[in-house]
Amino acid sequence: PRFVLEVRPVSNTVVVGPKEALATAEIAGDRFSWAGRAPAEGEFDCHVQIRAHAEPVPARATFVDGAVTVTPTEPFDGVAPGQTAVLYDGTRVIGQFTIARTVSAVPVDA
């Protein structure tokens with residue numbers, strides 16, 4: 001079986017691949033809101049939750065030039081732009097952002 005990995009509306013292309021290629025090694029976004037003061041620019045450890053009923057997972061976040069990039073310790077499964085990611089420091093919410101870009105853990109040539 002093949003799975004939809006990416007939709008490219010400008011070129012009218014749908015990229016398909018194996019299930020393993022749904023693994024996401026990195027997410028990024030720039031439409032965010034912080035619970036309290038924004039973190040200082042740079043890298044910090046956190047937990048990230050990408051689904052309402054999923055458990056937050058350990059990750060490393062980078063906040064630079066108004067953009068957030070998050071790399072989980074283990075790849076996510078099937079994350080897509082448009083989803084919301086919530087960042088935690090323990091049980092305290094740091095903030096949230098809309099995922100604008102994902103990087104596959106298993107790149108597939110299109």
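**Reading the rings and strands of a predicted model**

Q: How many aromatic pairs does a search of the whole structure find?

A: The search turns up 3 aromatic pairs. Rings of Phe, Tyr and Trp (its six-membered ring) pair if their centres lie within 6.5 Å; planes under 30 degrees apart are stacked, over 60 edge-to-face, and the rest tilted. Here Phe32 and Trp34 make a tilted pair, with 5.1 Å from centre to centre and 45° between the planes. Bear in mind that this is a predicted model: local features need pLDDT of at least 70, side-chain atom pairs count only at pLDDT 80 or more, and totals for chains, interfaces and linings use all residues. Residues are numbered from 1 along each chain as its sequence is written, and side-chain values use heavy atoms, with hydrogens and water left out.

Q: Why is the pair of Trp34 and Phe63 edge-to-face?

A: The ring centres of Trp34 and Phe63 are 5.3 Å apart and the planes stand at 70°, so this pair is edge-to-face. Strands (E, at least two residues) and helices (H or I, at least four) are DSSP runs numbered from the N terminus. Trp34 sits in strand β4 (residues 31-34) and Phe63 in strand β6 (residues 57-64), so the pair ties together parts 29 residues apart in sequence. Ring pairs link Phe32, Trp34 and Phe63 into a cluster.

Q: Is Phe63 buried or exposed?

A: Buried means under 20% relative accessible area, exposed over 50%, and partly exposed in between (1.4 Å probe, protein chains only). Phe63 is buried because its value is 9%, and Trp34 is buried too, at 18%. Phe32, at 25%, counts as partly exposed.

Q: Which residues form a nonpolar patch on the surface?

A: Patches take residues with over 30% relative accessible area and no salt bridge, joining like charges within 9 Å and nonpolar side chains (Val, Leu, Ile, Met, Phe, Trp, Tyr) within 5 Å. A salt bridge is a side-chain nitrogen of Lys or Arg within 4 Å of a carboxyl oxygen of Asp or Glu. Here the patch consists of Val4, Val7, Val14 and Val16, with about 350 Å² of accessible area together (Shrake-Rupley method, 1.4 Å probe; for residues, only the protein chains shown count as cover). Strands β1 (3-8) and β2 (13-17) each give two or more residues to this patch. Val16, in β2, is partly exposed at 41%.

Q: How many helices and strands are there in the protein?

A: The protein has 0 helices and 11 strands. Of its 110 residues, 28% count as buried.
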